[in-house]
Amino acid sequence: MNDILNKTIVLVLNRNWQAIHVRTPQEAFCMMATNVATALEIEGENQIRPVRWEEWITLSIRPQDNAVQTVRGPIRVPTVIVALNFAKVPKKRPKLCAKTIRERDGNRCQYTGKLLRPDEGSLDHVLPRSRGGKDAWGNLVWSDKAVNARKGNRLPHEAGLKLLTVPRAPKEMPVTVLLRNAHGVADWKLFVKE
């Protein structure tokens with residue numbers, strides 16, 4: 001039982017059926033049992049039915065379902081639930097990492113403007129870490145590896161370089177854009193990108 005719960009995540013939709021979050025099965029069950037959410041019974045793209053907790057706990061377990069064993073017997077783990085009283089789509093900033101810095105900077109060296117393949121560039125701390133620079137949107141840029149090595153632990157002007165643009169945090173985006181179906185859950189394909 002714990003093994004299934006540790007590996008399974010449940011997609012949460014707002015009341016407009018837009019993907020807004022993921023939750024553990026335990027959290028999904030709590031939301032359903034307190035009537036904060038209903039589960040979706042999905043039998044293909046054209047057969048989607050909202051199901052309340054009282055009915056959900058009586059549904060049979062299909063071959064494709066995960067289930068948890070309880071004193072009442074096995075209960076199907078939902079793949080998708082709908083938060084009944086939530087209509088908004090929360091906004092979120094992408095995770096700070098090399099990939100998002102590269103995407104923000106358009107795969108271009110921020111000192112030369114040269115278009116780079118991912119393996120030709122690296123993260124550069126404008127204010128080097130050795131001088132107190134932080135891992136922050138405003139201090140990280142995508143740089144040609146050779147230019148970054150030449151810059152070393154100096155400030156751009158000390159190395160004869162000039163930033164083409166001021167690094168900024170990207171705008172917050174609706175979480176629907178950021179959610180991915182990384183686990184390949186068939187039912188999620190109706191609501192999120194691969």
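What is the volume of the largest pocket? That pocket, an open set of points on a 1 Å grid over the protein atoms alone, with protein on both sides within 12 Å along at least five of seven lines, has a volume of about 500 Å³, where a volume is the space filled by 1.4 Å probe spheres set on the points.

Before going further, please keep in mind that this is a predicted model, in which local features need pLDDT of at least 70 and side-chain atom pairs count only at pLDDT 80 or more, while totals for chains, interfaces and linings use all residues. Residues are numbered from 1 along each chain as its sequence is written, and side-chain values use heavy atoms, with hydrogens and water left out.

Staying with the largest pocket, its lining, meaning residues with an atom within 4 Å of a point, holds 21 residues, and Lys 92, Pro 94, Lys 95, Leu 178 and Leu 179 lie nearest the centre. Helices, as DSSP runs of H or I with at least four residues, and strands, as runs of E with at least two, are numbered from the N terminus, and those giving two or more residues to this lining are S2, helix H4 (98–104) and helix H6 (175–178). The largest share, four residues, comes from H4.

The second largest pocket contains about 290 Å³ of space, and its lining is made by 16 residues, of which Gln 64, Asn 66, Thr 79, Val 185 and Ala 186 lie nearest its centre.

Let me turn to the sheet, which is open, has five strands in the order S2-S1-S7-S3-S4, and shows mixed pairing, where two strands pair if DSSP finds at least two bridges between them. At its edges are strand S2 (19–23) and strand S4 (48–51), each of which pairs on one side only. Strand S3 (residues 37–42) and strand S7 (residues 80–83) are joined in the antiparallel sense over three bridges, and Thr 38 stands opposite Val 82 in S7.

In one of them, Trp 17 and Phe 191 have ring centres 6.3 Å apart and planes at 70°, so the pair is edge-to-face. Because Trp 17 lies in the loop between S1 and S2 and Phe 191 in the segment after H6, this pair ties together parts that are 174 residues apart in sequence.

Technical notes. Phe/Tyr/Trp six-rings, centres within 6.5 Å; stacked < 30°, edge-to-face > 60°.
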